[in-house]
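Subject: Structure handover

Hello,

Here is the structure you asked for. My notes follow below it.

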Amino acid sequence: MKLDTRAMRYLASEDWRVLTAVEMGSKNHELVPTPLIEKIARLKGGASGVHRSISALAKVGLIARVKEAKYDGYRLTYGGLDYLALHTHSARKDIYSVGTRIGVGKESDIMIVADNQGTQKVLKIHRLGRISFRTVKSNRDYLKNRASGSWMYLSRLAAMKEFAFMKALLAEGFPVPEPIAQSRHTILMALIDAFPLRQISAVPDPAKLYGELISLILQLAKHGLIHGDFNEFNILIKEIKVTTESGEEALTLEPVIIDFPQMVSMEHQNAEMYFDRDVECIKRFFSRRFHFSSTEPGPFFKDAKRAMKKAGLTRLDATVEASGFTKKMVKDLEVAIREKEAMKAEGKNSDEEEEESEEDEDEDEDPSDDGGEIIIGVANEADDLDADLASKPTEDEV
Ligand code: ADP
Ligand code: MG
């Protein structure tokens, strides 16, 4: 799904308030009943003001009306959650405008954004738990086991986990983009001016780069971590111009690692499998793309674990728990990520997936979308609904 910010400017502050009320209501209600929205939003204009906002929001697809046997109500859509997150980043002055989409995976949208100084950043919007209609049939079991609306919860967990790890890794000196802020299912981070390894056809010294990547895997392991998706898409290669002593210009390549929601601990029950898979991924890629194979076998999990114990470095595998994750949250996220992985592996060659990605590309050709910048900013600090509504009673109290 694509982030569409076109309606953003036209929302009045009451609309934002009502949108936030629907979000708050959905913490305990699959379908948020209108009277509850009214209670939480408490607009000056009373119920009629709320109804006007509800219509406006539904019209642009930020909330959706659902009719159920017992009562009618509204639920927040992905678009609605995107808007709320953008609004928060904007109120914090971290984002002023939204530019082009640079990446779209099955689990995320990656957008270039800028603050009001013009500094470009990357906004990663997590989309975990999203299921396309075409694959619904094959995913019926998956759906059955998910409370509706859990995409919101799972995507938020993925963002929280990724943000916590990025902070911890940066603090330990790992080459990762600087994490700037997190709101709901989104992370704001520094833009890395680099291409993914996937897009690089030749490097001057494959052995050197290979050595550096393997050493990153081992360095992570020493801190108790396995990336879990250490592949050519998740390694960005920065080209740095250096001047040698003899005055010649040369390029050095510096890897930057991204994409952390699936990180696992070296103590995980399948740690060895994940570790070997990461190593294998790099080996396979270097052999295919650069025709380079290391003469050394391994590295092996056993040795990496021994080195971890001996090194006595700060262990980062407890980062997620330390950032407020409960055991249940860890488990929920892991289950969702593994299911998604399995679905991807299964569905890779299916027509359904092909069709879907074509459709995605069509979307990009929307003539009204020239890839230009869209200014979102009307929000200011006082407008931060997160803070504002936090002091209001929730449905538990009303
Ligand atoms: P996903 O979980 O969908 O794989 P990633 O975090 O791997 O998302 O990002 C997808 C793509 O977006 C990357 O392969 C990379 O090309 C680009 N990208 C992500 N983060 C950054 C960043 N901070 N700077 C530059 N490009 C990025
Ligand atoms: Mg990725």
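Is arginine 184 buried or exposed? Arginine 184 is buried, at a relative accessible area of 11% (buried is under 20% relative accessible area, exposed over 50%, partly exposed in between, with a 1.4 Å probe and protein chains only).

On provenance: this is a predicted model, in which local features need pLDDT of at least 70 and side-chain atom pairs count only at pLDDT 80 or more, while totals for chains, interfaces and linings use all residues. Residues are numbered from 1 along each chain as its sequence is written, chains are lettered from A and ligands numbered from 1 in the order written, and side-chain values use heavy atoms, without hydrogens and water.

Backbone. Most residues other than glycine have a negative phi, and most peptide bonds are trans. Arginine 184 has a positive phi, near 50°, and sits in the loop between strand E7 (179–183) and strand E8 (186–190) (strands are DSSP runs of E, at least two residues, and helices runs of H or I, at least four, numbered from the N terminus). Aspartate 259 also has a positive phi, near 70°; its relative accessibility is 19%, so aspartate 259 counts as buried. The peptide bond from glycine 298 to proline 299 is cis, with omega near 5°. Proline 299 is in the loop between helix H8 (271–290) and helix H9 (301–311).

Regards
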